[in-house]
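Visitor: I would like to go through this structure with you, one question at a time. Could you take me from single residues to the whole chain?

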Amino acid sequence: MRYFLELRYNGAAYCGWQRQPDQPSVQQTLERALATLLREPVALTGAGRTDTGVNAAYYVAHFDCERPVADPAQTVYKLNFLLPGDIAVGSMTPVAEDAHARFHAREREYRYFIEPRKNPFTRHETWQYYVPLDVGRMNEAAVLLTEYDDFTSFAKLNSNNKTNICRVKEAVWTIDSRGTMCFTIRADRFLRNMVRSLVGTLVDVGRGRYTPDGFRSIVESRDLSRSSAGAPAQGLFLSDVVYPADIFEHQCFSKFKML
């Protein structure tokens, strides 16, 4: 039997989603808890990798087990008792045997938060950046991303990507009444460290280091050395993963909320 899990996590204590031999990861923490409940080894496959310290307001993973889970809702209830407070599972749903959390995902969304002031209550969820930023210029640059599909300029070196091609469907900055900025980017796939590199470079547009045309030149150069340093991990959230309706539909956590 195959099941999809919907979950969310704060990534501060983990080396990312993916299992590592000598560091704690979200994947192995979940696998241990599931194996305890189901009394059999469990191997999870996630919708994608998140880097060290990156959060997920919405994440999907699948696993197989030898016997059907008699009561998925009760299993989720027990699972959350076993898991640490920074990982929460929302649903466990039976799916087709060939449904795949990674390969069947057709769209993913990330959000990045920048707060223009010191705030001790959000220091683990935002980049607290005090230099004034021109959001209009940042949006002029961000919208250019939908015109390109090669993001080599924002791909981490030695990531063993088969391709650096991504199709960006949306890229926009918004600002709320408190002045907190949010960058939302939606694409069919993302490269390792891509969003943080984009945010760092777009912030440099906002503070006047680059013009929007200069940002276009960086994208077109396909040269990582021309992009800015990546933004800090704690402000980044995987906020959505979308599947074809015949594969899987949201059961919970469908609307992004930080709290």
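Visitor: Does Arg39 count as buried or exposed, and at what relative accessibility?

Guide: This is a predicted model, and within it Arg39 is found in the loop between α1 and β2 (45-46). Buried would require under 20% relative accessible area, whereas exposed requires over 50%. Because its relative accessibility is 76%, Arg39 counts as exposed.

Visitor: Which residue in the loop between β8 and α4 is to be noted here, and what is its phi near?

Guide: The residue in the loop between β8 and α4 is Asn193, which is partly exposed with a relative accessible area of 22%. Asn193 is a residue other than glycine with a positive phi, and that phi is near 70°.

Visitor: Which residues does Asn10 touch, leaving out those up to four places away in sequence?

Guide: Asn10 lies in the loop between β1 (2-9) and α1, and with a relative accessible area of 24% it is partly exposed. Its C-alpha atom is separated by 7.3 Å from that of Val54, although the two residues are 44 residues apart along the chain. Once residues up to four places away in sequence are set aside, Asn10 touches Asn55, Asp86 and Glu125.

Visitor: Which residues is Ile165 in contact with, leaving aside its neighbours within four places in sequence?

Guide: Ile165 is found in the loop between α3 and β7 and is partly exposed, with a relative accessible area of 24%. Ile165 and Val143, which are 22 residues apart in sequence, have 17 Å between their C-alpha atoms. Leaving aside neighbours within four places in sequence, the contacts of Ile165 are Asp149, Asp150 and Arg189.

Visitor: Within what arc do the buried residues of α2 fall, seen down its axis?

Guide: Helix α2 spans residues 72-82, and Thr75, Val76 and Leu79 are buried in it. These buried residues line one face of the helix, because seen down the axis of α2 they fall within an arc of 100°.

Visitor: Which elements do the buried residues of α2 pack against, and which exposed residues are on the face turned away?

Guide: The buried residues of α2 pack against α1 (26-38) and β4 (87-95). The face of α2 turned away from that buried side carries exposed residues, namely Ala73 and Phe81.

Visitor: How far apart in space are Gln74 and Met92, C-alpha to C-alpha?

Guide: Gln74 is found in helix α2 and, at 35% relative accessibility, counts as partly exposed. Gln74 and Met92 are 18 residues apart in sequence, while their C-alpha separation in space is 9.7 Å.

Visitor: What covers the buried residues of α3?

Guide: In α3 (residues 135-142), the buried residues are Val135, Met138, Ala141 and Ala142. They cover an arc of only 120° around the axis, so they lie on the same side of α3. What covers these buried residues includes β7 (168-175), β8 (181-187), α4 (194-206) and α5 (212-221).

Visitor: How far apart in space are Gly136 and Tyr14, C-alpha to C-alpha?

Guide: Gly136 lies in helix α3, where it counts as partly exposed at 42% relative accessibility. Gly136 and Tyr14 are 122 residues apart in sequence, and their C-alpha atoms are 35 Å apart in space.

Visitor: Stepping back to the whole protein, what pattern does it follow along the sequence?

Guide: The protein has 5 helices and 9 strands. Read along the sequence, these elements follow the pattern β-α-β-β-α-β-β-β-α-β-β-α-α-β.

Visitor: What radius of gyration does the protein have?

Guide: The C-alpha atoms fill a box of roughly 60 × 40 × 35 Å along the principal axes, and 53% of the 259 residues count as buried. Among contacts with a separation of 6 or more, 73% are accounted for by residues 24 or more positions apart. For 259 residues a compact globule would have a radius of gyration near 18 Å, and the protein agrees with that, having 19 Å.

Technical notes
Residues numbered from 1 in each chain as written. Predicted model: local features only at pLDDT ≥ 70, side-chain atom pairs only at ≥ 80, totals over all residues. Heavy atoms only, no water. Helix = DSSP H or I, 4+ residues; strand = E, 2+ residues; numbered from the N terminus. Rg over C-alpha atoms; globule rule 2.2 N^0.38 Å. Buried < 20%, exposed > 50% of the residue type's maximum accessible area, 1.4 Å probe, protein only. Contact = heavy atoms within 4.5 Å. Arc of directions from axis to C-beta.
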